[in-house]
Amino acid sequence: MRSPGRPSPAREVERAFWRLIGQGKSSEDASRGVGVSTPVGARWFREAGGMPPLSLAEPSGRYLCLAEREELAVLKAQGLGVRAIARCLQRDPGTVSRELRRNAATRGHTPEYRASVAQWKAEAAARRPKPAKLVSNPRLKEYVQERLSGQLQRPDGTVAAGPLTTWTGLNKPRRADRRWASAWSPQQISARLVVDFPDDEGMRISHEAIYQALFIEGRGALKRELVACLRTGRALRKPRERSRNKPQGHVTAEVVISERPAEAEDRAVPGHWEGDLIIGLNRSAIGTVVERTSRYLLLVHLPRLEGYGLVAPVKNGPALAGYGAVAMNTALQAAVASMPSDLLRSLTWDRGKELAAHAQFTIATGMAVYFADPHSPWQRGTNENTNGLLRQYFPKGTDLSRWNRDDLLAVQTAINSRPRQVLGWKTPAEVLDERLQSLQQAGVATTG
């Protein structure tokens, strides 16, 4: 076996690195967390396609670990024999003998036991790489590649080439042309193999194996540029935890939804609201705010600002469409001003930039603001359901700027006056009145 040169970090370091990645840490933070350089961590992540290349489970005590090899090297340097070293390590003498014979450093033509070299040799021997199934089965590879990256055809049979694109090795380009291909997902390909080849067990592959062939360098099965044929177009797998509860931009760690009081979750205490925008034609919008306990709705009027459609947009200038951060803050404060302070406990919004001035809103109203996780509309389920009801009055693809404040109040009253099954066929307005009365009675009793 050739000399390793500078030994790579131990596998327990790699395991610790990938555990931090699984917790949502960036490659840089995970590298610092395990004590390796940032370029090394970035290379690990890139070459593995964002997927852990080794089992994250701790190895059993059957094999020697790095700490035991370091102790073995020290004892060997002190001149102890095999059996004496075995007693110190509480290992079988045969284990120590094989370790000294197999994993000694031989670069100087004289066996010399060094812990780091021995660890490198043991890890290299333990890998025993298995050829990917797509490499050993050309027929299966051709089937997978054709369904993933096959060309589109027009009704007359000619090829529809689509736009000219180049793959740069990065994730899908934003607001740019994507490669046209048949683009079956790996899961669709895996499931369809059973339908097309019911009696051929050799024509089977899991969708995870296809993803690994695309993402992991060195597999030699599928070209990495074929990731452009995936729906997401990602060149690296994105750990799921990175998109959960991650502060970004105007959303800091103090205002993510996990910091919201527990009382908001069970709907027992009134005053916790959910909000969002419904978007219409020509960048028109209406704000919607719903109380979680009573399902009471407030509609926020967002009129166009002066100069919309007449003045050319200015980068980082005011959002003339009417729902920029400043305009949204002013309109939202006006909407909740009609509510008693006891009903202004918290507001949960999605990650839209329209609420970037949430700190000023909290100071002005005393209402804490929290932001849901990205791509998690179920965390604001009450608001999403109410927005669906509002589409009866404000359908998609219509201009919402036509309606003035009085029109919105009419729709708001209609929604709040409808009996709801979830409320025992009471209306949101009736339930809110009951909650207000109970809060007032509790306040009187406390004062007395």
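This short talk walks through one predicted protein model, from the whole chain down to a few single residues.

Since we are looking at a prediction, local features need a pLDDT of at least 70 and side-chain atom pairs count only at pLDDT 80 or more, while totals for chains, interfaces and linings use all residues.

Let me begin with the chain as a whole. The protein chain has 16 helices and 7 strands, where helices (H or I, at least four residues) and strands (E, at least two) are DSSP runs numbered from the N terminus. Of its 448 residues, 40% are buried, and here buried means under 20% relative accessible area, exposed means over 50%, and partly exposed lies in between, with a 1.4 Å probe and protein chains only. If we take the contacts with a separation of 6 or more, 61% of them are between residues 24 or more positions apart, a contact being heavy atoms within 4.5 Å.

Now please turn to strand β4, residues 285-291. Why can we call β4 largely enclosed by the rest of the structure? The reason is that 7 of the 7 residues of the strand are buried, so the rest of the structure largely encloses it. Both faces are covered, with Ala285, Gly287, Val289 and Glu291 buried on one side, and Ile286, Thr288 and Val290 buried on the other.

The strand also has partners, and two strands pair if DSSP finds at least two bridges between them. Strand β3, residues 272-279, runs antiparallel to β4 and is joined to it by 7 bridges, and within this pairing Leu277 has Gly287 as its bridge partner. These two strands form a hairpin with 5 residues between them, and Asn282 in the turn has a positive phi of about 60 degrees. With strand β5, residues 297-300, β4 pairs in the antiparallel sense over 4 bridges, and there Val289 has Leu298 as its bridge partner. That hairpin, too, has 5 residues between the strands, and Arg295 takes a positive phi near 65 degrees.

My next stop is Arg204, which sits in the loop between α10 (186-196) and α11 (207-215). Is this arginine buried or exposed? Arg204 is buried, yet it has no salt bridge, and the nearest side chain of opposite charge, Glu201, is 4.1 Å away. For a salt bridge, a side-chain nitrogen of Lys or Arg must be within 4 Å of a carboxyl oxygen of Asp or Glu; as for charge, Lys and Arg count as positive and Asp and Glu as negative, with His and the chain ends not counted. The side chain of Arg204 does, however, reach the backbone oxygen of Phe197 at 2.8 Å. Leaving aside neighbours within four places in sequence, the residues in contact with Arg204 include Lys133, Leu140 and Pro198.

Finally, two residues in loops deserve a look. Arg267, in the loop between α11 and β3, has a positive phi of about 60 degrees although it is not a glycine, and at 25% relative accessibility it counts as partly exposed. Trp425, in the loop between α15 (405-416) and α16 (428-447), has a positive phi near 65 degrees, and at 58% relative accessibility it counts as exposed.

Conventions:
Residues are numbered from 1 along each chain as its sequence is written. Side-chain values use heavy atoms; hydrogens and water are left out. A polar contact is a pair of N or O atoms within 3.5 Å; within protein, one must be able to donate a hydrogen and the other to accept it, and residues adjacent in sequence count only if both atoms are side-chain atoms.
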